[in-house]
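Subject: Structure for your review

Dear colleague,

Please find below the structure that I am handing over to you, followed by an account of what was found in it. I would be grateful if you would read the account with the structure open beside it.

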Amino acid sequence: MKALSIVSPGGTRIACGQKTLEIRRWQPGLEPSEDLLIVENTRFLHNDGEQDDGLAVAIVRVKAVRPFEVGDIEAACASYHEEGWLAWELTDLRAITAPVPMRAERGIYEVDFPALHP
């Protein structure tokens, strides 16, 4: 399954439905019907190959990707707006009620995780 690490408390905010947009500078390259595992970790990963300990907290789908707008700040749980960023619209939220320890990596990466995990 494909996974994305998000620094705390962003993953928890996605899992509880508060954060419905993920803001990144790059396209995820996912199909709208493809599951994406959200792994929350504690620090930003700046370099390729860098890893951290994390917790799988939710499974979502990226419905669409569009330019990040000022009006998206609340849905993204962001503190400011910056031109050139992209808003990933997160849908089909399935929170993981008992978070699972999982490695966190930079970008979108593959993990061994059941696609239909509760």
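A residue is called buried when its relative accessible area is under 20%, exposed when the value is over 50%, and partly exposed in between. Trp-26 has a relative accessibility of 31%, so it counts as partly exposed. Please keep in mind throughout that this is a predicted model.

Overall organisation

The protein contains one helix and six strands. Along the sequence, these elements follow the pattern β-α-β-β-β-β-β. The radius of gyration is 13 Å, close to the 13 Å that the globule rule gives for 118 residues, and the protein is therefore as compact as a globular protein of that length. Along the principal axes, the C-alpha atoms fill a box of roughly 35 × 30 × 25 Å.

Of the 118 residues, 41% are buried. The accessible surface comes to about 6500 Å², and carbon and sulfur atoms account for 52% of it. Among the contacts with a separation of 6 or more, 72% are made by residues 24 or more positions apart.

The nonpolar cores

In soluble globular proteins, nonpolar side chains tend to be buried together. Here, the largest nonpolar core has 14 residues. Those with the most contacts inside this core are Ile-14, Leu-36, Ile-38, Val-60, Val-62, Trp-88 and Leu-90. Two or more residues are contributed by each of strand S1 (2-7), helix H1 (10-15), strand S3 (35-41), strand S4 (51-67) and strand S5 (86-105). S4 gives the most, with four residues.

What does Val-62 touch, if residues up to four places away in sequence are not counted? Its partners are Pro-28, Leu-30, Glu-31, Pro-32, Leu-36, Trp-88, Glu-89 and Leu-90. There is also a second, separate core of 13 residues, which includes Val-39, Ala-56, Met-102 and Phe-113.

An aromatic pair

The count of aromatic pairs comes to one. The ring centres of Trp-26 and Trp-88 are 5.0 Å apart and the ring planes are at 85°, so the pair is edge-to-face. The two partners are 62 residues apart, and the pair links distant parts of the chain: Trp-26 is in the loop between strand S2 (21-24) and S3, whereas Trp-88 is in strand S5. Are the two tryptophans buried or partly exposed? Trp-26 is partly exposed, as stated above, while Trp-88 counts as buried because its relative accessibility is 0%.

A buried glutamate

Glu-105 is located in strand S5. With a relative accessibility of 17%, Glu-105 falls under the 20% limit and therefore counts as buried. Its side chain makes a polar contact with the side chain of Gln-51, at 3.2 Å, and another with the side chain of Arg-103, at 2.3 Å. If neighbours within four places in sequence are left aside, Glu-105 is in contact with Ser-5, Leu-45, Glu-50 and Gln-51.

Backbone features

Most residues other than glycine have a negative phi, and most peptide bonds are trans. Where does this structure depart from that pattern? The peptide bond from Ser-8 to Pro-9 is cis, with omega near 10°; Pro-9 is in the loop between S1 and H1.

Cys-77 is not a glycine, yet it has a positive phi of about 55°. This cysteine lies in the loop between S4 and S5, and at 24% relative accessibility it counts as partly exposed. Asp-92, which is likewise not a glycine, has a positive phi of about 50°. Asp-92 lies in strand S5, and its relative accessibility of 38% means that it counts as partly exposed.

Yours sincerely,
A colleague

Notes. Residues numbered from 1 in each chain as written. Predicted model: local features only at pLDDT ≥ 70, side-chain atom pairs only at ≥ 80, totals over all residues. Heavy atoms only, no water. Core = buried A, V, L, I, M, F, W, Y, C linked by side-chain atoms within 4.5 Å. Buried < 20%, exposed > 50% of the residue type's maximum accessible area, 1.4 Å probe, protein only. Contact = heavy atoms within 4.5 Å. Polar contact = N/O pair within 3.5 Å; in protein donor to acceptor, adjacent residues only side chain to side chain. Rg over C-alpha atoms; globule rule 2.2 N^0.38 Å. Areas by Shrake-Rupley, 256 points an atom, 1.4 Å probe, with all protein chains shown as cover. Phe/Tyr/Trp six-rings, centres within 6.5 Å; stacked < 30°, edge-to-face > 60°.
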